[in-house]
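This report concerns the pairing of charged side chains in one protein model. Please consult the sequence and structure shown below while reading.

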Amino acid sequence: MLPAPVSRFPRIPIDCRSSSSSSFNIPRVHFIRGEKLLRDVSTWGIGGPCKYFVQVLDQHQLLTAVRHCNEQSMRYIVIGKGSNCLFDDLGFDGCIIQNNIVFLERIQPGFYRAGSGYPINRLALLTANEGFMGLEFAGGIPGTVGAAAYMNAGANGQETADAVESVEIITSEGQRMILRRSDLDFRYRWSSFQGMNNLAAITAVTFQLKLSKSAKKNQQEYLERRKCTQPLGDRSAGSVFRNPPETGFSAAQLIERAGLKGCRVGGAIISSKHANFFINSGGATSCDMLELIGLAKDAVYRQFDVKLKEEILYIPP
């Protein structure tokens, strides 16, 4: 999952004098220094080393990691599977906190409480198999529950927001909060979390789903359609751009009409199967991908007077 845009965190030099080794421990949390390559935690397979890296397995560890970063005036970002992140080849001069909070609770029929690091595709398959509708669209999405809520992920006429009952968060000041659906605003690929200046991370989401005999069948149809139309076997970050609703065309249609399917910059290539999927065909750099993204935006704007907006988040060094 992703916090609010990292630009809100000031770039402050990190004082590493407290530890001369490559890693160090604080209670319940193990920080690794300078050894983790971000390409290994990104579905794009792009990114250099981060200054510090830590995995957290529960809300207490996440809270400890966030508080430590604050105490050290250390830039940080919380990620899940890195499925919509473009990391820079220079890495990240701060701490990457990988969210592995993966619990799942069945509160009552149709109510599921999941850790924000729980794979959204796994939850979608499980709930559909148990006869509940609301998350069928997410059966093939490689992200996490937290990322789905943060981005208001959706497909096939469904959105994450339609199923959200409440969301638990940690603020950048280290406070825990529970926000009900009525407290939140969701729009197309947007949630009020993206505008929260004090959000550190989503920690859990409770979903309210409806009983449906057709949930499993619908999900199977969505999965088959996804297999036929998307390059699922390639290294990508999913959809690069949001669909511009004012045009009546999807971002993929505009990019394809601009003649860019198969266009390549270095190791980055626009998929010939789905023009809104940009592929790391082998050895792509962040510069390759940024240049290809810029090329697509410029071409669509020149030809159709439409400004595409990124759905992926670029993480500067």
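Which residue forms a salt bridge with R180?

## Basis of the report

The model is predicted: local features need pLDDT of at least 70, side-chain atom pairs count only at pLDDT 80 or more, and totals for chains, interfaces and linings use all residues. Residues are numbered from 1 along each chain as its sequence is written, and side-chain values use heavy atoms, with hydrogens and water left out.

## The pair E165 and R180

The partner of R180 is E165, with the closest N and O atoms 3.7 Å apart. A salt bridge here is a side-chain nitrogen of Lys or Arg within 4 Å of a carboxyl oxygen of Asp or Glu. The two residues, 15 apart, link distant parts of the chain: E165 lies in strand 12 (residues 164-171) and R180 in strand 13 (residues 176-180). Strands (E, at least two residues) are DSSP runs, numbered from the N terminus.

E165 is partly exposed at 24% relative accessibility, and R180 is likewise partly exposed at 42%. Buried means under 20% relative accessible area, exposed over 50%, and partly exposed in between (1.4 Å probe, protein chains only).

## Other salt bridges

The whole structure contains 11 salt bridges. One of them joins the side chains of R113 and E105 at 3.1 Å, N to O. R113 counts as buried, at 17% relative accessibility, whereas E105 is partly exposed at 36%. A network of salt bridges links E105, R113 and E168.

R187 and D185 form a further salt bridge, their closest N and O atoms being 2.9 Å apart. R187 is partly exposed at 49%, and D185 is partly exposed at 31%.

Technical notes
Helices (H or I, at least four residues) and strands (E, at least two) are DSSP runs, numbered from the N terminus.
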